[in-house]
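Subject: Handover of a structure for your review

Dear colleague,

Please find below the structure I am handing over to you. My findings follow directly after it, and I would be grateful if you could read them alongside the coordinates.

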Amino acid sequence: FLRAFTDFLAFMVLFNYIIPVSMYVTVEMQKFLGSYFLTWDEEMFDEDTGEGPLVNTSDLNEELGQIEYVFTDKTGTLTENNMEFVECCIEGHVYVPHVICNGQILHDCTGIDMIDSSPGGSGKEREELFFRALCLCHTVQVKDDDSVDGLKKNQLSRRSCIYISSSPDEVALVEGIQRLGYTYLRLKDNFMEILNRENNLEKFELLEVLSFDSVRRRMSVIVKSSTGDIFLFCKGADSSIFPRVKEGKIDQVRSRVERNAVEGLRTLCVAYKKLTAEEYSKAQKLLQNAKLALQDREKKLAEVYEKIERDFILLGATAVEDRLQEKAADTIEALQKAGIKVWVLTGDKMETAAATCYACKLFRRNTQILELTTKKIEEQSLHDVLFDLSKTVLRHNGSLTRDTFSGLSTDMQDYGLIIDGAALSLIMKPRQDGSSGNYRELFLEICRNCSAVLCCRMAPLQKAQIVKLIKLSKEHPITLAIGDGANDVSMILEAHVGIGIIGKEGRQAARNSDYAIPKFKHLKKMLLVHGHFYYVRISELVQYFFYKNVCFIFPQFLYQFFCGFSQQTLYDTAYLTLYNISFTSLPILLFGLMEQHVSADTLKREPSLYRDVAKNALLRWRAFIYWTFLGVFDAVVFFFGAYFLFDNTIVTSNGQV
Amino acid sequence: IDYTGTDPSSPCFKCLNVSWDSTPPCTCTINFTLEHSFESNVFMYYGLSNFYQNHRRYVKSRDDSQLNGDNSSLLNPSKECEPYRTNEDKPIAPCGAIANSMFNDTLELYRIDNDTRIPITLIKKGIAWWTDKNVKFRNPTGDGNNLTALFQGTTKPVNWPKPVYMLDSEPDNNGFINEDFIVWMRTAALPTFRKLYRLIERKDNMQPTLQAGKYSLDIAYNYPVHSFDGRKRMILSTISWMGGKNPFLGIAYITVGSICFFLGVVLLIIHHKYGNRNTSADIPN
């Protein structure tokens with residue numbers, strides 16, 4: 001019995017070469033050297049910033065080929081973070097701040113061009129009010145350019161002031177209005193000074209500022225003009241202005257606003273109200289009381305605002321464009337075609353985020369938008385909302401499975417989901433009765449059937465939370481997070497692959513990430529080409545390693561039948577040691593570095609090729625068994641070929657054995 | 001020609017159970033007929049079956065430095081040779097199981113020509129590898145050519161009839177560099193193997209080396225194989241420019257080639273029939 005045991009151990013010593021220990025070394029080398037290909041890629045080099053991609057982790061190359069979820073930040077990643085005033089619509093007429101005279105564009109012209117014909121009398125007054133409203137209703141501060149000579153001649157030439165505000169939208173609006181002829185100068189001694197189109201100075205006394213808050217989504221100022229009229233100018237989201245408007249060309253403006261929103265522009269509506277002196281004093285008193293309240297100040301202020309801001313006269317709407325990054329729409333489209341689900345996580349509000357999503361083609365025209373927002377949850381309970389949504393997506397899915405055999409793709413309904421931070425926290429909150437699991441499951445179920453998800457009003461930690469939720473879901477998909485600012489760092493660290501954009505908001509994201517790229521558009525090449533290549537290379541390398549070891553050891557195993565099971569080695573010990581090191585490591589290493597099974601251009605052109613390697617397709621059991629079978633077959637051919645060749649025959653020419 | 005002698009009708013049956021050290025050695029003769037004449041060089045092999053010269057313990061049981069003529073190893077063989085290392089406190093030269101089991105049958109070939117037996121000259125040089133004979137195996141150095149003196153202090157392997165320095169009378173085929181010994185020491189890979197025994201050189205180009213006809217093989221049957229069901233054979237073989245007679249490679253090539261050709265034809269038909277369909281990439285989004 002002891003003999004059997006010692007024999008077994010001896011056989012283990014003989015056959016332990018089948019375990020490819022050197023595979024780990026080769027894999028590490030291949031990954032490390034392969035990551036250089038990413039940094040050397042010239043297409044990913046950005047001339048503006050002079051930066052190329054950076055690789056901080058060499059371990060994750062093949063994960064790039066396996067991505068199923070991409071979480072992106074909006075501002076700075078999808079958009080350039082550079083607001084630009086596009087157009088304004090006053091009383092149904094659209095104004096665009098460029099002059100096109102005889103087909104030529106004059107850049108520094110201060111005039112405006114009207115798409116529709118010039119309005120008549122009362123319209124002109126409204127027009128003037130609109131411009132003044134935009135010039136006054138904001139919280140922009142002016143930083144004077146000290147390099148300009150501070151003389152009175154400034155009134156004639158156009159001053160270049162630098163506007164600072166917490167919201168870049170406001171800066172864009174003020175600058176846009178400046179281009180239309182109305183310049184906001186400064187706030188001095190409670191007087192706002194503006195230059196109107198004829199370069200005359202107008203002074204308005206600033207009486208009250210009803211500042212912006214995210215709940216009512218508007219802001220107002222109460223000003224007194226030099227003629228003594230008290231105006232209340234209000235500027236805000238269309239959803240909060242339209243219900244309070246009682247006069248004005250509502251329908252035209254509304255249609256224009258909707259059209260802009262679908263195009264992806266950020267829209268704001270402007271309205272005004274003329275206040276009499278007593279109305280104003282009443283309002284002032286209310287405001288004073290609310291401001292000095294010791295308890296529930298927020299609530300009291302909100303109530304007062306509500307009372308004051310009503311019965312407006314609609315002036316018009318503005319559209320500001322946050323230009324998308326170069327080729328962002330193209331990238332997102334390619335990613336979706338490749339079967340990757342794209343989620344946009346942002347801290348912005350829903351309307352602006354939705355606008356951007358439409359612009360970058362995350363939501364297409366026929367995408368049915370499902371909403372899981374706080375507003376909806378207030379109407380129904382969270383439970384009901386979730387059930388409704390899941391029924392919607394699943395019902396369509398169920399009917400689709402019967403049709404999949406016909407292969408029609410035109411009927412497939414795209415679902416897009418919008419969820420905001422508050423709703424998410426409600427879903428994630430653990431409930432005492434233990435049914436919280438259901439909510440998450442339901443939520444994940446809904447998400448799985450949506451091709452695009454937009455999460456707005458997300459705090460940085462919530463971004464990481466949702467990444468984690470997806471990471472730990474049933475199929476454990478590989479997640480990728482991309483962002484550019486410090487608020488994205490938690491998301492980047494949480495995801496499997498974190499990518500930082502070397503951008504305007506500093507290097508925080510780039511330093512904490514696994515890969516850093518200069519622009520969002522480079523993500524396309526990185527995933528579709530590099531990721532795909534890396535995955536194919538590494539899976540081939542791994543399979544090959546097992547194959548060659550099987551080829552090597554199996555003849556040894558077969559030989560035991562012919563040598564009396566005495567553990568006699570077929571090969572010299574030198575060969576046994578050097579086989580893995582010098583004989584077979586170099587070819588596969590070079591293969592793993594250079595292999596391009598499909599050309600890079602084809603991969604870029606056909607993003608759907610990415611699906612071929614999704615879900616670890618090349619390293620599944622089936623592929624592994626195929627390679628092992630191949631190895632066994634080859635080994636049998638090697639061994640028995642040699643056996644029959646040398647059996648009973650002489651191969652040398654001098655007869656010696 | 002199998003001459004083990006298991007069959008009672010075989011002339012070597014009487015030698016079947018003889019022990020290895022019986023004197024005088026048992027002899028037997030087997031007559032056979034050559035159908036065709038053998039041209040060119042003819043090689044005479046002895047073959048053994050069911051003899052596991054590739055067993056691991058057997059293969060490692062040798063001392064190469066001793067065989068290389070190292071004087072210190074001569075008197076102190078390595079431990080690998082156990083249990084054939086020393087005999088009665090004297091070191092064995094050559095040590096080890098491989099040397100101990102050396103094949104010691106003697107075969108002689110006669111041609112029968114009208115009742116006269118003409119002996120055929122068998123050449124015993126040139127059967128071992130050149131590197132083996134001149135590099136790997138060296139006799140121990142010392143002054144004088146007297147091998148007996150050089151091997152002083154050692155004893156012969158247990159199952160050998162004669163000590164190593166009496167293997168042959170010629171001095172360059174004696175001792176460790178005896179070619180039969182060298183051929184035996186090169187262990188075979190498979191349990192059924194053959195080893196080169198003698199060469200029959202061709203005569204002038206006119207006559208065939210071995211003419212067709214009757215021959216007889218005289219055997220001095222020393223090597224007992226019956227105890228482990230082994231078999232012994234004598235093989236005569238010539239070689240062509242491609243090596244010995246081995247149909248395997250030819251059959252293999254022809255088989256694989258015809259399969260490939262057949263598959264090629266089949267795939268050509270399939271390609272022609274179906275390959276011209278215009279399949280664009282129908283990928284559902």
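A:Gln556 is buried, its relative accessible area being 0%. Please bear in mind, for this and for everything that follows, that the model is a predicted one. A:Gln556 belongs to helix 18 of chain A, which spans residues 522-560. Once its neighbours within four places in sequence are set aside, the residues in contact with A:Gln556 are A:Leu14, A:Phe15, A:Gln568, A:Thr569, A:Leu570, A:Tyr571 and A:Leu576.

Turning to chain A as a whole, the chain has 22 helices and 24 strands. Of its 657 residues, 49% are buried. If one takes the contacts in chain A between residues at least 6 apart in sequence, 71% of them join residues at least 24 apart.

Is A:Asp73 buried or exposed? With a relative accessibility of 2%, A:Asp73 falls under the 20% cut-off and therefore counts as buried. Not counting residues up to four places away in sequence, A:Asp73 touches A:Leu78, A:Leu345, A:Thr346, A:Lys463, A:Ile482, A:Gly483, A:Asp484, A:Asp488 and A:Met491.

Next, a helix pair in chain A. Two packed helices are described by the angle between their axes and the distance between the axes. Helix 13 (residues 421-428) and helix 15 (residues 460-471) of chain A have axes that come within 11 Å and cross at roughly 50°. Helix 13 of chain A passes helix 15 of chain A in a crossing that is left-handed. On the side of helix 13 of chain A, the contact is made by A:Gly421, A:Leu424, A:Ser425 and A:Met428, while helix 15 of chain A contributes A:Gln462, A:Gln465, A:Ile466 and A:Leu469. By type, the residues of this contact between helix 13 and helix 15 of chain A divide into 4 nonpolar and 4 polar, with no charged residue.

Two further spans are annotated in UniProt, one in each of chains A and B. In chain A, an unreviewed entry places the feature "coiled-coil region" at residues 280-307. In the model, residues 280-307 of chain A are 86% helix and 0% strand, and the end C-alpha atoms of the span lie 12 Å apart. In chain B, the annotation "transmembrane region", also from an unreviewed entry, covers residues 248-270. That span of chain B is 100% helix and 0% strand, with its end C-alpha atoms 33 Å apart.

Finally, there are two backbone points to check. The phi angle of A:Asp311 is near 55°, a positive value in a residue other than glycine. A:Asp311 lies in the loop of chain A between helix 8 (297-308) and strand 17 (312-324), and it is partly exposed, with a relative accessible area of 39%. In chain B, phi of B:Asp229 is near 60°, again a positive value in a residue other than glycine. B:Asp229 is placed in the loop between strand 8 (213-221) and strand 9 (231-238) of chain B; with a relative accessible area of 57%, B:Asp229 is exposed.

Yours sincerely

Technical notes:
Residues are numbered from 1 along each chain as its sequence is written. Chains are lettered from A and ligands numbered from 1 in the order in which they are written. This is a predicted model: local features need pLDDT of at least 70, side-chain atom pairs count only at pLDDT 80 or more; totals for chains, interfaces and linings use all residues. Side-chain values use heavy atoms; hydrogens and water are left out. Axes are lines fitted to C-alpha atoms, for helices over the stretch in contact, and angles run from 0 to 180 degrees between N-to-C directions. Helices (H or I, at least four residues) and strands (E, at least two) are DSSP runs, numbered from the N terminus. A crossing is left-handed if the near helix is turned anticlockwise from the far one by less than a right angle, and right-handed if clockwise. Contact means heavy atoms within 4.5 Å. Ala, Val, Leu, Ile, Met, Phe, Trp, Tyr, Cys and Pro count as nonpolar, Asp, Glu, Lys and Arg as charged, and the others, Gly among them, as polar. UniProt positions are given in the numbering used here, feature names are shortened, and annotations may be inferred rather than shown by experiment. Buried means under 20% relative accessible area, exposed over 50%, partly exposed in between (1.4 Å probe, protein chains only).
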